[in-house]
Amino acid sequence: KMTQQMRDLQLAQARKPPGPSSPNAAKRLYRNLSGKFRVNYTSFDEGSLAGRGEKEKLRKSYLFQSNAALFEAVELQDLDRVQELLKQYSPEELDLNTPNSEGLLPLDIAIMTNNAPIARALLQAGAKESPHFVSLESRSLHLSTLVREAEQRVNELTAQVVNEAPNADCSEKEKQLKAWEWRYRLYKRMKAGFEHARVPDAPTNVHLSVASSSSVQVTFWEPLSINSAVVTRYKVEWSCSPTFSPPLGEAVIDKLKNLHFTIRGLVSGTAYYVQVSAYNMKGWGPPQASVPPFAIPSNWREYDGRAPRRRGQAEALDHLLGQVKTVHQHCVCHEPCKNQPQSRKHSVSKSLKHLFHPGSKFLKTLKRGLYLTAIFYKDDNILVTHEDQIPVVEIDDTYSCLLMQDFLWFTKVSCMWDEILWLRQCVTVSQSSCSCILQTRFKMLLAISQMQGLLGIQDLGQVFFEPIKDKQGNILIVTLKEVKTNQTFESVRWVPICKLQTSRKSVSSPEEPTALDTLLISVQDKLAYHQRSSHALSPGLYLGYLKLCSAVDQIRVLVPERLPNILCHVKIRSNPNISREEWEWLQKMASVEDPVPAEPEAETSQNHLFQELQVAIKELMTLVNIPLQEAKDFRLYSQEVLDFGGQVSFLLLLPPSDDVCTAPGQNNPYTPRSGFLTLPLQIFELGEER
């Protein structure tokens, strides 16, 4: 058995990348986990292993080698190798928290040799300290025993090497002696590290904030001094008394990737005091009280008892739509619908399978008129017809001047792709007046139905915020949808966008490109816009800048190109909640005539918010290219906090009332730098809802 074990270990050493190693590392690693390794070998009949049994044995042997390699890398203080192993294997595969034959874990070795980088890497991977060390005395006794046994073994091997004549056995014992001398020095270094260590200092920057009406959040940093021993856990305590007598609760944090904790289940309107302490192998350090010293769970709505703006709105709209459908369901024009089964949920591959044949009604060229095109894309590929054309259908060949009201109506229809058939029938009933507007919108619904029928899919995606126009009188409405499936299709092709752009033969001049040529030239920009408009903000409180500009037929809003579904903004903090006390202070600040209100008292949540707002306003003014001295005329919108799903909230910064909306022909002296665009207000509202 010993021979077979040593062969396996030599094989593991041969596979390792070149690097420093301890003397006789294979034997030392075998000795570390000999007990567990021996069980693996004695539990099998080597003559009967085959198939799955042989594979399982090889897998276990390979994982054992990974575990042994991790122990060696920690002992050699090889940070790069430790990080490589943690990235390559899961904690379970590495047996990260299984003690070796000496009762040690990789984290024990790292913290007792005071190797902070390796200890932090192990902690973030989920490493624990050995459960054998239940007290300082037990740890000290264990280390003393390891040192004594290693010293005894060194003395025995030294005597054997000195007394024996030079031969093969003597050479082997010299190797063993070097390995044990190295291990003896390691244990002495670990023992000295433990004896010289002290409990850690208190954590720093302990900040307390109100997370909701029933919770508070505490964030903190590591102690300035860990006193020669890495911090492995933190303790958060809370109480209604500043002396923490009696304590209300505590929580131990051993996952140290993010140093924060939310205390939940608290009583609204009650003051809670919080303190945090750090732990290393020598024990718990002194606690550090939070700043501010206490927090009162609350929400800004409690200031005047205001209900959420959107509470019940979605349900009310669904109910209203249901009533409208009920009124129309007995119309004669709806009778065919009753006999039709509900629309099937086609898969994209099945729905597109029999499309794009020569008899389809997709257009290759544009004449003077209004058209609809649907762009489906996946990665860098775009879906085209069998003739390598982007799908285009005609809306109206006599319509050459798209009114903004019609386009905005179309964008609203895009929220009801599943209801197009019903909408068509409703508009048909209403066409007795022969209204030009109704006729145009009915043709839009017909074109949508045609596109859905040819594609076999109802959801055509999101409407691009402006149509494409050319000098030939063509107007192209563009919808965009990303396909995230990995299916392959028959009768249709995914074509790389760059190939489609280079292979298409333009029928127009570069000076006056057609709408289709313009679409192909700018398709990457439109896809980038579509992807960015679906991105979400990370949780937190933001400061937004509201700037409008008006035209003859619309109002547009300024947004950043990188996130066009959100106002220009900067992040104030990670906690999205505004407490009642903070909102009350903001109300007072908004009501004073002095443009520079007095700074709130130190060590209060209001003061912390005041400082955060100062930083955010400076950053926002720089972002939108407005001189900082102009900010004194700006004001915070004090009617409400804009809440988006409970995880993101906004405070609005408004220009002076005369500058909130720039009128047509009015020059704005402070134009933003590149990276911004203006969207029609209705398009922005739809993107915000998505």
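Biologist: Where is Asp95 found, and what is its phi near?

Modeller: Asp95 is found in the loop between helix H6 (91-94) and helix H7 (106-112), and its phi is near 50°, a positive value in a residue other than glycine. Helices here are DSSP runs of H or I with at least four residues, strands are E runs of at least two, and both are numbered from the N terminus. Most residues other than glycine have a negative phi.

Biologist: What makes Asp95 partly exposed?

Modeller: Its relative accessible area is 27%. Buried means under 20%, exposed over 50%, and partly exposed in between, with a 1.4 Å probe and protein chains only, so Asp95 counts as partly exposed.

Biologist: Good to know! What kind of model is this?

Modeller: This is a predicted model, in which local features need pLDDT of at least 70 and side-chain atom pairs count only at pLDDT 80 or more, while totals for chains, interfaces and linings use all residues. Residues are numbered from 1 along each chain as its sequence is written, and side-chain values use heavy atoms, leaving out hydrogens and water.

Biologist: Why is Pro247 called exposed?

Modeller: Pro247 has a relative accessible area of 55%, so it falls in the exposed class. Pro247 lies in the loop between strand S3 (233-239) and strand S4 (249-253). Pro246 is found in that loop too, and the peptide bond from Ser245 to Pro246 is cis, with omega near 0°.

Biologist: Why is H14 called oblique to H16?

Modeller: The axes of helix H14 (residues 404-413) and helix H16 (residues 436-455) come within 11 Å and cross at roughly 40°. Axes are lines fitted to C-alpha atoms, for helices over the stretch in contact, and angles run from 0 to 180 degrees between N-to-C directions. Under 35 degrees is roughly parallel, over 145 roughly antiparallel, 65 to 115 roughly perpendicular, and the rest oblique; therefore H14 is oblique to H16.

Biologist: Which residues of H14 meet H16?

Modeller: With contact meaning heavy atoms within 4.5 Å, Gln405, Asp406, Trp409, Phe410 and Val413 in H14 meet residues of H16 including Ile437, Arg441 and Leu445.
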